[in-house]
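Dear colleague,

I am handing over the structure below, and would be glad if you could look through it alongside the notes that follow.

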Amino acid sequence: MMDDRFLYFALSDPDFFDVPWPVAQECYDLGPMLPPGWVAAHRHAWQTFAPADARIPASGWKVHVTASETEAELALRRFAQMCIEHDVPFKILRGPRSVRAAHLKYTPSSISTKLGTAYPSGNLTDFVHHLARSLDGVTGPTFVGEHQHRTAPIGLRHGAFEATWVEAADGRSVPGRPAGDGAEHDDRERGRDTPVPPELADVFAPRPEDPLPIEQVRLLHRTNAGGVYTATLADGTPVVLKEARRHTGLDADGVDAVTRLRHELLVLRHLQQTGVTPRVLDHWQRADAEFLVLEHVAGENLATLISRHHPAGHIDASPAEFDALATTVMRGLHEAVAVMHRHDVAHLDLQPANVVVGADGVRVVDLESASVAGRTATTAVGTSGYVGGGGDPFERDAFALERIALTLHEPDSPLAQRRPDIEDELRTGTPDTSRLPLWRARLIEGIIRRATPAREDRLFPGGIETFTTPLGGHSLASGAAGVLSALNALGHAPTEQHLTWLADVPAHARSCRGLWEGVDGVAATLARLGRPDEAVRLASIGDLPRGLSWARGRAGIALAAAETAHLTDDARLRAQANVVLDGVLRDLPDADLRTTGLLTGWAGAALAMLRIGELLGRDLTTAADLAISRELSLLVEQDGCRIALPAGRVRTGLGHGSAAAAVALDALAAAAAQDIERPAFEQIVRGMTRVASPVAGLMDGLAGHVLALSIAGDLTSSRQAAGRATWHCTPTSAGWSVLGAGRLRCSDDLASGSAGLALALGSDQDGLAGLRRVLHLPRATDADCHTGP
């Protein structure tokens with residue numbers, strides 16, 4: 001299932017991920033309310049206000065306020081007045097567009113419905129009571145994961161007041177919170193778990209309400225609009241509950257969750273006796289939400305079925321068996337849609353995820369966007385790849401049916417929505433490989449054209465990590481470091497303006513370590529691109545992480561320090577690289593890495609050891625050999641192939657899959673002057689040729705296959721992978737780019753977008769050398785060796 005954050009950051013731009021509020025927008029004007037001595041500031045979606053001499057503690061009780069979209073400005077002005085009267089620093093959303101973004105269906109739960117936050121350090125009880133009285137009569141949604149005031153739209157949560165970052169269990173940088181023990185803890189782990197102060201216990205006690213008459217509840221999916229659950233009624237009947245939270249969950253048309261749920265109820269009752277949709281068993285209304293109680297339809301949705309069983313993604317799948325299944329599914333789906341149309345209902349969002357395939361046939365689900373007798377609740381419908389057929393609703397369903405049938409044949413068929421010129425290639429499964437240099441040139445031109453140095457949050461459009469990680473706009477993975485490195489390797493030196501932008505790392509994120517996502521990778525990039533002083537200043541800021549991985553751990557940090565020291569000739573950094581490396585070597589034998597790939601797996605650790613050995617003149621082949629052996633032990637053999645198979649999902653990519661093991665085996669053989677471990681190497685390469693990645697990116701997609709297959713010497717398969725990758729090249733309003741993770745929007749970053757693919761489309765040894773340089777991989781031959789910018 002797609003991460004809802006992809007949908008949230010896809011709302012404001014049809015081509016690229018971006019914040020769902022305008023960078024420049026109309027703001028609520030609180031100036032006349034502010035007394036002398038108060039200061040105001042703007043950052044992203046927020047306006048902040050505080051007395052000039054205010055001392056804000058690092059953490060404490062945060063008071064949140066919410067309201068429906070129509071009452072938001074009234075609520076925020078009353079909230080601001082209370083904060084000013086009590087000398088409490090606070091922030092509010094900047095304007096109506098930011099308020100709309102907070103109420104959208106796919107707004108992440110960490111920010112959804114929060115319109116304002118107060119940071120009281122004095123009398124919390126007095127402040128909350130006065131605020132509740134001032135908001136009397138204001139309606140709003142409830143808060144998820146917070147203490148909810150019984151009568152007012154107020155939430156209470158203990159957490160950090162200032163932005164800090166801490167290493168999570170998986171090595172990622174996440175919001176931190178200082179605790180009484182002096183350490184930083186994961187701020188996401190506390191919400192309702194922290195008891196409210198005793199003097200506020202009554203007003204934040206759970207509201208008395210009719211409990212739902214269900215048992216064995218299991219959450220399937222949650223958005224800001226509400227959750228979808230499986231449960232059991234008192235009589236033992238299995239059901240699905242679809243929740244609609246009041247006053248929120250807006251779609252792109254501004255239609256709220258309850259309105260859409262009531263429309264779906266109307267449609268389902270209209271089709272109740274047809275057997276092609278789930279039967280409605282009940283409709284429950286509660287103070288904060290409404291629920292549809294639906295028949296539980298046993299089976300698997302078609303998107304999951306394709307993902308788990310299609311021969312393009314599974315080595316052990318039978319093409320004949322899948323073709324027979326596809327024929328049966330399409331026959332049943334055509335019959336189901338024909339029944340709907342005879343009852344004057346058009347689905348309007350037919351796509352594989354909304355089709356359930358079970359033992360008793362095909363059912364169609366998720367009808368909140370459907371039309372019945374020409375009436376709809378919203379026009380904000382349609383899944384990319386399955387939208388077409390003009391304005392007639394029944395023709396739109398017919399178009400979607402055709403696209404679903406093509407997807408069952410070739411899972412990349414939805415790409416034709418943006419690239420109708422490749423429909424013939426998609427039907428035959430044979431990409432055109434004759435124009436790879438043209439695609440490379442188009443991507444480079446588009447990347448350069450889309451640079452936005454005036455923006456603070458990003459220089460180039462990237463994946464959602466641009467906005468969800470502390471250094472997203474700057475990092476090697478999703479930010480300017482990776483894009484500028486790639487362009488430089490492709491013969492396009494960065495401008496001084498772009499280098500200055502890259503060097504201006506946000507103060508709050510300078511302690512976030514790591515080669516791939518942290519300051520260490522930015523420092524190494526600045527060193528390579530001719531800014532040695534800024535590189536040395538950035539390097540070694542912050543504590544070392546616990547982990548050992550290439551992307552976020554100490555192996556990658558030692559590698560970045562060694563690269564930066566080599567490029568700047570800085571003796572202190574070289575000594576530091578040796579110290580970090582010694583710690584890695586000490587901990588490596590007992591490390592518990594359970595993943596594969598370059599980013600967080602054993603292969604990444606092995607490649608880091610081999611490159612550090614080149615840079616520092618140390619023989620690290622024994623450590624690399626240990627790491628590669630453990631990587632190989634995690635791979636699974638299937639039908640003569642060796643692949644990564646986490647949770648039953650085939651992964652053959654560079655970042656998290658088996659491809660990195662092939663690169664590491666090749667590098668170890670070169671470093672140790674020994675023959676490559678041929679059987680394992682060939683099995684890994686064979687796996688990459690048998691599985692067609694659904695994305696084009698360097699880390700988890702076809703661009704990574706191009707790198708690994710080129711290193712393996714399989715240039716025919718490498719060109720085929722490159723040709724399939726160009727199917728993902730997409731025209732935008734500002735030139736060509738590449739569909740990134742989720743294939744929902746384009747990205748120019750190194751991990752998932754244009755920068756990584758442009759590198760992979762490079763010619764022979766030049767392209768290979770560029771990829772090795774940008775990813776800090778070992779130099780396999782003298783011909784690949786390159787030092788300096």
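Predicted model: local features only at pLDDT ≥ 70, side-chain atom pairs only at ≥ 80, totals over all residues.

To begin with a charge over a ring, arginine 442 lies over the face of tryptophan 439, at 4.6 Å from the ring centre; a charge is taken to sit over a ring if NZ of Lys or CZ of Arg is within 6 Å of the ring centre and within 35 degrees of the ring normal.

Residues are numbered from 1 along each chain as its sequence is written, and side-chain values use heavy atoms, with hydrogens and water left out.

Turning to the aromatic residues, a search of the whole structure gives nine aromatic pairs, where rings of Phe, Tyr and Trp (its six-membered ring) pair if their centres lie within 6.5 Å, and planes under 30 degrees apart count as stacked, over 60 as edge-to-face and the rest as tilted. Phenylalanine 6 and phenylalanine 17 form an edge-to-face pair, at 5.7 Å centre to centre and with 65° between the planes. This pair links distant parts of the chain, with phenylalanine 6 in helix H1 (residues 4-8) and phenylalanine 17 in the loop between H1 and strand E1 (38-43), 11 residues apart; helices (H or I, at least four residues) and strands (E, at least two) are DSSP runs, numbered from the N terminus. Phenylalanine 6 is buried, with a relative accessible area of 12%, and phenylalanine 17 is buried too, at 1%, where buried means under 20% relative accessible area, exposed over 50% and partly exposed in between (1.4 Å probe, protein chains only).

Tryptophan 439 also has a ring partner: its ring centre and that of tryptophan 736 are 4.9 Å apart with the planes at 80°, so this pair is edge-to-face. Here too distant parts of the chain are linked, since tryptophan 439 belongs to helix H10 (residues 436-449) and tryptophan 736 to strand E24 (residues 735-739), 297 residues apart. Tryptophan 439 is buried, with a relative accessible area of 2%, whereas tryptophan 736 is partly exposed, at 21%.

Finally, Trp38, Phe49, Phe79 and Phe90 form one aromatic cluster.
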